[in-house]
Amino acid sequence: LVDYRIIAFVVFGSLGGVVMRSSARNLWGMFRSVGKLIYYPQPSTIELVKTLVELGGINRRDGAIAMQNAVISHPFLRKSIDMVIDGIESTELRNTLVTEISLTRQRERIHIDMLRFWAELAPAFGMIGTMIGLIGMMTNMDDIKGIGEQFAVALLTTFWGMVLAYVVCRPWAEKLEGYSASDVDIHQLILEGAILIKGGANPRIIEERL
């Protein structure tokens with residue numbers, strides 16, 4: 001069942017199609033995303049709202065500069081608050097953050113599309129391996145043992161093509177899609193909170209709005 005030559009043929013053959021279709025930069029980005037399959041902490045929206053409310057209180061009480069001392073672990077929130085501290089106008093603040101959200105989403109969608117394309121190619125390379133096995137079987141009809149071996153190759157390549165597509169690539173793509181969509185929602189929440197803080201909104205208003 002575990003024939004490394006067959007697995008290598010299916011994996012690297014189908015990956016070759018992805019390589020031909022994609023740039024080296026996007027390919028590297030796709031493989032870097034494998035870390036998200038193992039561990040990808042996403043902040044609690046409740047905790048983010050609490051943090052934004054606290055920052056809004058600091059801004060109203062002590063001014064924007066006082067927010068520099070706040071401990072902010074989320075990078076997008078840190079960037080948004082830094083822009084508020086720097087005195088960026090609300091329109092420019094919104095445009096900049098919306099652009100960053102859109103570009104990040106676009107980059108992630110590229111990686112997701114690459115994985116879905118890989119999932120499409122994997123069964124096709126499994127079928128190619130099946131054809132190779134059947135051709136070998138037909139050209140060796142006098143060797144009973146050889147027929148069995150070639151028939152096994154024909155079945156196993158299809159099997160590993162389906163495994164690669166539906167156990168690895170598609171779940172990987174769908175998980176990234178879920179994380180990406182969730183990140184967009186979180187970033188939109190932070191964006192609205194930063195705009196409210198920039199406008200000097202009352203912390204209660206910030207809490208209710210978010």
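**Entry 1: helix α5**

I began with α5 and listed its buried residues: Phe76, Leu77, Arg78, Ser80, Ile81, Met83, Val84 and Ile85. Buried here means under 20% relative accessible area, exposed means over 50%, and partly exposed is in between, with a 1.4 Å probe and protein chains only. Helices are DSSP runs of H or I with at least four residues, numbered from the N terminus. I note that this is a predicted model, in which local features need pLDDT of at least 70 and side-chain atom pairs count only at pLDDT 80 or more, while totals for chains, interfaces and linings use all residues. Residues are numbered from 1 along each chain as its sequence is written, and side-chain values use heavy atoms, with hydrogens and water left out.

Eight of the eleven residues of α5 are buried, so the helix is largely enclosed by the rest of the structure. I then looked up its salt bridge, a term that requires a side-chain nitrogen of Lys or Arg within 4 Å of a carboxyl oxygen of Asp or Glu. Asp82 and Arg78 form one at 3.1 Å, N to O. Both residues lie in α5, four residues apart, about one turn of the helix. Asp82 is partly exposed at 31% relative accessible area. Just after α5, I found Gly87 with a positive phi of about 80 degrees.

**Entry 2: nonpolar cores**

I took a nonpolar core as a set of buried Ala, Val, Leu, Ile, Met, Phe, Trp, Tyr and Cys residues joined through side-chain atoms within 4.5 Å. The largest one has 28 residues, and those touching the most other members are Leu55, Met67, Leu77, Ile81, Leu93 and Ile197. Two or more residues each come from α4 (45–62), α5 (75–85), α6 (90–138) and α7 (144–198). The largest share, eight residues, is that of α7.

I checked the contacts of Leu77, with contact meaning heavy atoms within 4.5 Å. Not counting residues up to four places away in sequence, Leu77 touches Leu48, Thr51, Leu52, Leu55, Ile72 and Ile190. A second, separate core holds 21 residues, including Val18, Met30, Leu115 and Ala165.

I followed Leu115, which is in helix α6 and is buried at 0% relative accessible area. Beyond four places in sequence, Leu115 touches Met30, Cys169, Trp172, Ala173 and Leu176. Its C-alpha atom is 28 Å from that of His74, 41 residues away along the chain.

Ala122 is in helix α6 too, and it counts as buried at 0% relative accessibility. Leaving aside neighbours within four places, Ala122 contacts Val10, Ser14, Gly161, Leu164 and Ala165.

**Entry 3: helix α2**

In α2 (residues 24–32), I found Leu27, Gly29 and Met30 buried. Seen down the helix axis, the buried residues of α2 fall within an arc of 160 degrees, so they line one face; the arc is that of the directions from the helix axis to the C-beta atoms. The face turned away from this buried side carries the exposed residues Ala24, Arg25, Trp28 and Arg32.

**Entry 4: rings**

I counted four aromatic pairs. Rings of Phe, Tyr and Trp (its six-membered ring) pair if their centres lie within 6.5 Å; planes under 30 degrees apart are stacked, over 60 edge-to-face and the rest tilted. Phe9 and Phe125 have ring centres 6.1 Å apart and planes at 65 degrees, so the pair is edge-to-face. Phe9 is in α1 (residues 4–21) and Phe125 in α6, so the pair ties together parts 116 residues apart in sequence.

The rings of Phe31 and Trp118 have centres 6.3 Å apart and planes at 75 degrees, so this pair is edge-to-face. Phe31 lies in α2 and Trp118 in α6, so parts 87 residues apart in sequence are tied together. Phe31 is partly exposed at 31%, whereas Trp118 is buried at 5%.

**Entry 5: salt bridges**

I searched the whole structure and found nine salt bridges. Arg116 and Glu174 meet in one at 3.1 Å, N to O. This pair links distant parts of the chain, with Arg116 in α6 and Glu174 in α7, 58 residues apart. Arg116 is partly exposed at 23%, and Glu174 is partly exposed at 42%. Salt bridges with shared partners join Arg105, Arg109 and Glu177 into one network.
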